[in-house]
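Please read the points alongside the sequence and the coordinates.

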Amino acid sequence: MFQVLVADDEEIEIRALEMMIRHDFPEEVEIVPGAKNGLELIAGIQKYQPDIVIADINMPGMNGIEALELIRAKYPRMKILISTAYSDFDYIRRALKLGAVDYLLKPVDRETFQKTFSALLARTGQERFEEDAERKIRRDVGEMQSIAGNEFLSSLLLGDVTENSFNHYLRSLPHPYHGTVVMMVQTSHDGTGGFSNMRKGLQKTISGILSQYCSVIGKSYRNDLYFLIFLPDEMDDARWLRYLKDLAELVSKKLKDYPVRLEFSFSRKGKTVQEIELCLEECRLALSQQEPENLHFYRDPENRDSEELPVETRQHIQAILKNEGKDEPEKLSGHLQQAILYMRQNYAQDLSLEDVAAQADISSFYLSRLFRQELRCTFVEELTQIRIRQAMQLMKQSRLSMREIAVLTGYRNVTYFYKVFRKSVGAGAGEVRELLRSGMENKMDSKG
C-alpha cells in the first residue's frame with residue numbers, strides 16, 4: 001500500500017482529490033493528512049514521508065516550485081505530481097525539470113485523474129519492486145559470500161583448499177578481484193576456555209571494522225585469528241603496503257582498550273590459490289620476527305641479506321641438501337640399505353614403518369632398531385629428512401607452488417608440510433625457497 005499526501009491552498013480541491021483516490025484506489029492507497037501551504041507540505045512530508053505527493057504549484061508561504069526544490073534535495077525517490085490552474089507550460093516544464101513526474105490541469109476530471117494516477121502507481125510499484133529485489137539480492141549475495149568465504153578460509157587453514165572453492169568465493173565478490181593478503185592476529189592470553197568466546201567476538205569486531213573499507217572474511221582457528229583481506233582496486237606494492245598499514249593502525253586504535261595484547265602480522269599480496277597458501281606461512285614468519293611494535297609485515301627474503309638467518313640454520317640447510325652426516329646406503333647393513341633405497345624411491349607415497357619393513361623382508365621392530373643403531377634416528381625422522389631434502393631441491397630448481405611441492409614430497413596437507421618443514425630446518429618454507437633461489441649456497445661456499 002502506498003501513502004499519498006495532497007497539498008492545495010483550497011480545502012475543496014484537497015477533499016475532491018482525496019475522494020477520487022478513495023473511490024478508485026481503495027486497496028492501493030492510504031491518505032495521510034493534507035497540507036494547505038508550502039510550509040505545511042514540507043512538515044507533512046518530514047512527518048509521514050509518503051510515497052506520492054500531489055501538490056498545487058501556487059500556494060501561500062512557499063509555492064510548489066520552492067517546495068519541490070527542497071523535497072527533491074532530501075527525498076529524491078519521492079514521486080511528485082503537480083496540479084495547477086495555469087496554462088503556462090514553461091512554468092510546468094520548470095517543475096518537471098525539478099523532478100515532478102507528471103502534472104494535472106485544473107479542474108481535474110475523474111477520467112484524466114484515473115489514467116494519470118494509475119500510471120504513477122504502476123511506476124512507483126515497479127520501482128519499489130526493483131528496490132525490494134535489489135535489497136533481496138544484496139542480502140542473498142551477502143549470505144552466499146559469507147558461506148563461500150568461510151568454506152574457503154576453513155579449507156585454506158586445513159590445507160585442503162581447491163581451485164573450485166576459491167573460484168566459488170571469487171564469484172560472490174561484489175567487485176573485480178585484484179588479489180588478497182592474509183592477516184593473522186595472535187592474542188597474548190593463557191588460552192583458557194573462558195577466552196574462546198571472547199576470541200570469537202574479537203574476530204567479529206575486527207571483521208566489522210575492516211568490512212567498512214574492503215571485502216574481508218575472518219575465522220577463529222585454534223588460538224589465533226585469520227583474515228583474508230581483498231584488494232578494493234589495483235595497487236602497486238608501495239600503495240598496497242601503505243593501505244595495509246593504515247588498516248592495521250585503524251584496527252589497533254579501535255582495539256587499544258582491549259583487555260589482552262594483540263599482535264598483527266601481514267603476508268605479501270597473493271592472487272592464486274597457491275600464492276595464498278604461501279601467505280599463511282608468511283604471516284607466521286612475520287609474527288615470529290621480534291619487533292618492538294605489534295604490527296608485523298612479511299619482508300621478502302630476496303630483499304634481505306642472508307646473514308639474517310643464523311649461521312647454524314644456514315649450515316643446517318646446506319647439510320640437508322648435501323645429506324651430510326648420513327652414511328650412503330651401500331655402507332649400511334643389507335636390510336637397512338634396502339629400506340633406505342625404497343624410501344628414497346617412494347617418499348611421495350604414504351609410507352609406514354610396516355610397509356618399508358615388508359620391502360626389506362624384516363619385522364618392523366627389527367627395522368626400527370636398525371635405524372636407531374646405524375643412523376641414530378627413527379624411521380619417521382629419516383623419512384622426513386628425505387622428503388625435506390627433496391622439497392628443498394624442488395624449491396631451488398623449479399617454479400612449482402608450495403602446494404605442488406608438498407604433494408610431490410608426500411604431504412597432502414600443505415599446512416602440515418609448513419609445520420614439519422620449519423621444525424626440521426629451523427626456518428619457514430617460503431623463506432628458504434627465496435634464499436635458495438637467490439644463490440645462498442654459492443654465497444656460503446664462497447665464504448668457506
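**Cores, a pocket and cysteines**

In this predicted model, the largest nonpolar core has 27 residues, of which Met183, Ile206, Leu210, Ile229 and Phe264 touch the most other members. Two or more residues of this core come from each of strand S6 (180-187), helix H7 (195-210), strand S8 (224-230), helix H8 (237-254), strand S9 (262-266) and strand S10 (295-297), and H8 gives the most, with six residues.

Nonpolar cores
- Leaving aside residues up to four places away in sequence, Met183 touches Ile206, Leu210, Leu225, Tyr226, Phe227, Ile229, Phe264, Ser265, Phe266 and Cys283.

- The space in the second largest pocket comes to about 350 Å³, and its lining is made up of 16 residues, with Val380, Thr384, Tyr411, Tyr416 and Val420 lying nearest its centre.
- Helix H14 (379-397) and helix H16 (414-425) are the elements that give two or more residues to this lining.
- Sorted by class, the lining of the second largest pocket has six nonpolar, four polar and six charged residues.

Cysteines
- With pairs of cysteine sulfur atoms within 2.5 Å taken as disulfides, the model has zero disulfides.
- Cys214 has a relative accessible area of 9% and is therefore buried, and Cys279 is likewise buried, because its relative accessible area is 2%, the cut-off for buried being under 20%.

Technical notes
Residues numbered from 1 in each chain as written. Predicted model: local features only at pLDDT ≥ 70, side-chain atom pairs only at ≥ 80, totals over all residues. Heavy atoms only, no water. Core = buried A, V, L, I, M, F, W, Y, C linked by side-chain atoms within 4.5 Å. Buried < 20%, exposed > 50% of the residue type's maximum accessible area, 1.4 Å probe, protein only. Helix = DSSP H or I, 4+ residues; strand = E, 2+ residues; numbered from the N terminus. Contact = heavy atoms within 4.5 Å. 1 Å grid on protein atoms, 1.4 Å probe; cavity = no way out; pocket = protein on both sides within 12 Å on 5 of 7 lines; lining within 4 Å. Points joined across faces, edges and corners; volume = space filled by probe spheres on them. Nonpolar A, V, L, I, M, F, W, Y, C, P; charged D, E, K, R; others polar.
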